[in-house]
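Thanks for coming, everyone. I'll keep this brief. Please have a look at the structure on the screen.

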Amino acid sequence: MTLRFLGTTSDDGDCPTLYEIPETDEVLVQGDRETDPAHLTQLRDVKPSETFVRVPRSLLTRYAPRTEAPELQPFASISHLFRDFRHTAWRLETRRGYATDRKSPLWPRFLAGEDVTAEPDNAWRENVRAQTGQGKRIGRVRIADEPLTQGQSFLLARATTNVAAGEDIRYLTRAEAQDLRLPDFDFWLIDSRTLARFAFDEDDTTLGVYVTQDPAEVLAACQARDAAWHHAVPAAEFAERVRSTV
């Protein structure tokens, strides 16, 4: 099982921290072990397998989920959000590749060194033009490895097409993302109130999304967005940086 980082109130990142265990309805708490004998003797119904940790109240009030865990649903179930949102739609991309890209008819052309930017608008870019034409904002930050994976290189080559349609696409290196304590999962954040967190299988195929308006989860996503957006660089600048190192 893979833990999902929820948040921490520690400046140096060691503890205390909250994690979610996605395959269950449980939360894992990291903190300093309780050793005060006077406290330990007052604990009730203690099983031999149990241990106890101390965490500040602020960690729980800020990051502990306040609603039941959402159920996995098809990505198509949220497609209307990209037409109906009022202000902003923002994406964090963290993976080293996506199955949808590898299945694209442009993928073999990319591997052959051909230009993969010259093509008519698809439904996504048509919608981007329509929404940004109304003053709405659509953006994303992509996390890139050093060196780039094939999947990341493909997306960087294709970025100019989406940028031309009105998207604001920016990049961070994975090292920078780790320093900023960004989440290690993909999500869309809609109008700073609805979070759609992606689920993938081991082959990078999208299984669906977990959609929530839980205040703690939305707040953590907003904080991640603000940190990522501040430090990320535009796709064109990042592409030039990559070319200069090749």
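Let's begin with one residue. In which helix is arginine 158 found? Arginine 158 sits in helix H7. Keep in mind that this is a predicted model.

Next, is arginine 158 buried or exposed? Buried: its relative accessibility is 12%, and the cut-off for buried is under 20%. What is it in contact with, leaving aside neighbours within four places in sequence? The contacts are Leu106, Val116, Thr117, Glu119 and Arg125.

Arg125 takes us to helix H6, residues 123-132. The buried residues of H6 are Arg125, Asn127, Val128 and Gln131. Looking down the axis of H6, these buried residues fall within an arc of 160°, so they line one face of the helix. As a reminder, an α-helix has 3.6 residues a turn, so residues three or four places apart point the same way. What covers the buried residues of H6? The cover includes H3, S8 and H7.

Now the core. The largest nonpolar core has 31 residues. Ala89, Tyr171, Trp188, Ile190 and Phe238 touch the most other members. Several elements each supply at least two residues, among them strand S8 (137-144), helix H7 (150-165) and helix H10 (235-245). H7 gives the most, with five residues.

Take alanine 89. Not counting residues up to four places away in sequence, alanine 89 touches Phe82, Arg137, Ile138, Gly139, Trp188, Leu189 and Ile190. There is also a second, separate core of 17 residues. Trp90, Leu182, Leu195 and Ala224 are included in that one.

On to the backbone. Most residues other than glycine have a negative phi, and most peptide bonds are trans. Here are some exceptions.

The peptide bond from glutamate 146 to proline 147 is cis, with omega near 0°. Proline 147 lies in the loop between S8 and H7.

Serine 192 has a positive phi of about 55°. Its place is the loop between S10 and S11. Serine 192 is partly exposed, at 30% relative accessibility.

Aspartate 204 also has a positive phi, near 70°. Aspartate 204 is in the loop between S11 and strand S12 (206-212). At 17% relative accessibility, aspartate 204 counts as buried.

Last, the surface. Which residues form a nonpolar patch there? Val27, Val29 and Val53 do, with about 190 Å² of accessible area together. Valine 53 lies in strand S5, residues 53-54. Valine 53 is partly exposed, with a relative accessible area of 36%.

That's it from me. Over to you.

Definitions and conventions: Residues numbered from 1 in each chain as written. Predicted model: local features only at pLDDT ≥ 70, side-chain atom pairs only at ≥ 80, totals over all residues. Heavy atoms only, no water. Patch = residues over 30% accessible without salt bridge, like charges linked within 9 Å, V, L, I, M, F, W, Y side chains within 5 Å. Areas by Shrake-Rupley, 256 points an atom, 1.4 Å probe, with all protein chains shown as cover. Salt bridge = Lys/Arg side-chain N within 4 Å of Asp/Glu carboxyl O. Helix = DSSP H or I, 4+ residues; strand = E, 2+ residues; numbered from the N terminus. Buried < 20%, exposed > 50% of the residue type's maximum accessible area, 1.4 Å probe, protein only. Core = buried A, V, L, I, M, F, W, Y, C linked by side-chain atoms within 4.5 Å. Contact = heavy atoms within 4.5 Å. Arc of directions from axis to C-beta.
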